[in-house]
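Please walk me through this protein model.

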Amino acid sequence: MYFVEIFKLKDGGSQSLLANCFLENGSINFKGDEKFIESLRQNGITDYSSVDKNKLFPIDGLKFLEQLKYNFRSGYLNATDIKEM
């Protein structure tokens, strides 16, 4: 199983886990902050690997996971590389 963790910067400089996104049986599942997860489901993320910068949604599976680290790489939110469990 592949997964990506998304962290949020807290006051004081520590990080907390905002969401865990994992590929299981071909589909993306989530654990974590429900509002954030619902935003991912409804709004998708940008596919920075395509010239047209199309949107990706959880239904896109592994490609969605691969692009999370490019969508969340700021000082406040960041995603890990894909990890295998």
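The paragraphs below go from the whole chain to individual side chains.

This is a predicted model, in which local features need pLDDT of at least 70, side-chain atom pairs count only at pLDDT 80 or more, and totals for chains, interfaces and linings use all residues. Residues are numbered from 1 along each chain as its sequence is written, and side-chain values use heavy atoms, with hydrogens and water left out.

Start with the fold. The protein has 2 helices and 7 strands. Both kinds of element are DSSP runs, numbered from the N terminus: helices are H or I with at least four residues, strands are E with at least two. In sequence order the pattern reads β-β-β-α-β-β-α-β-β. The protein is as compact as a globular protein of its length, because its radius of gyration is 12 Å, close to the 12 Å that the globule rule gives for 85 residues. That radius is taken over C-alpha atoms, and the rule is 2.2 Å times the number of residues to the power 0.38. The C-alpha trace spans about 35 × 30 × 25 Å along its principal axes.

Next, the surface and the interior. The accessible surface comes to about 5400 Å², and 47% of it belongs to carbon and sulfur atoms. These areas come from the Shrake-Rupley method with a 1.4 Å probe; for residues, only the protein chains shown count as cover. Of the 85 residues, 36% are buried. Buried means under 20% relative accessible area, exposed means over 50%, and partly exposed lies in between (1.4 Å probe, protein chains only). Among contacts with a separation of 6 or more, 38% join residues 24 or more positions apart. A contact means heavy atoms within 4.5 Å.

Now the charges. There are 11 positive and 12 negative side chains, and the centres of the two sets lie 5 Å apart. Lys and Arg count as positive, Asp and Glu as negative; His and the chain ends are not counted. Each charge is placed at NZ of Lys, CZ of Arg, CG of Asp or CD of Glu. Side chains of opposite charge can pair when their charged atoms come close. How many salt bridges does the model hold? The count comes to 3. The rule asks for a side-chain nitrogen of Lys or Arg within 4 Å of a carboxyl oxygen of Asp or Glu.

Take Lys-83 and Glu-5. Their closest N and O atoms are 3.2 Å apart. Lys-83 lies in strand E7 (residues 83–84) and Glu-5 in strand E1 (residues 2–9), so this pair ties together parts that are 78 residues apart in sequence. Glu-5 is buried at 16% relative accessibility, whereas Lys-83 is partly exposed at 33%.

Asp-47 pairs with Lys-63, with 3.8 Å between the closest N and O atoms. Asp-47 sits in the loop between E4 and E5 and Lys-63 in helix H2 (residues 62–71), so the bridge ties together parts that are 16 residues apart in sequence. Asp-47 is buried, with a relative accessible area of 5%. Lys-63 counts as partly exposed at 36%.

Helix H2 also supplies Lys-69. Its partner is Asp-81, and their closest N and O atoms are 3.0 Å apart. Asp-81 lies in the loop between strand E6 (77–79) and E7 and Lys-69 in H2, so the two tie together parts that are 12 residues apart in sequence. Both are partly exposed: Asp-81 has a relative accessible area of 47%, and Lys-69 is at 27%.

Thr-80 is in the loop between E6 and E7. Is Thr-80 buried or exposed? Thr-80 is buried, with a relative accessible area of 15%. Beyond its neighbours within four places in sequence, Thr-80 is in contact with Val-4, Glu-5, Phe-7 and Lys-69.

Asn-20 belongs to strand E2 (residues 15–24) and counts as buried at 16% relative accessibility. Not counting residues up to four places away in sequence, Asn-20 touches Phe-3, Val-4, Glu-5, Asn-29, Phe-30 and Lys-31.

Finally, look at two backbone angles. Asn-25 is not a glycine, although its phi is positive at about 55°. Asn-25 is placed in the loop between E2 and strand E3 (27–32) and is exposed at 79% relative accessibility. Lys-53, also not a glycine, has a positive phi of about 55°. Lys-53 lies in the loop between strand E4 (45–46) and strand E5 (55–56), and is partly exposed at 43%.
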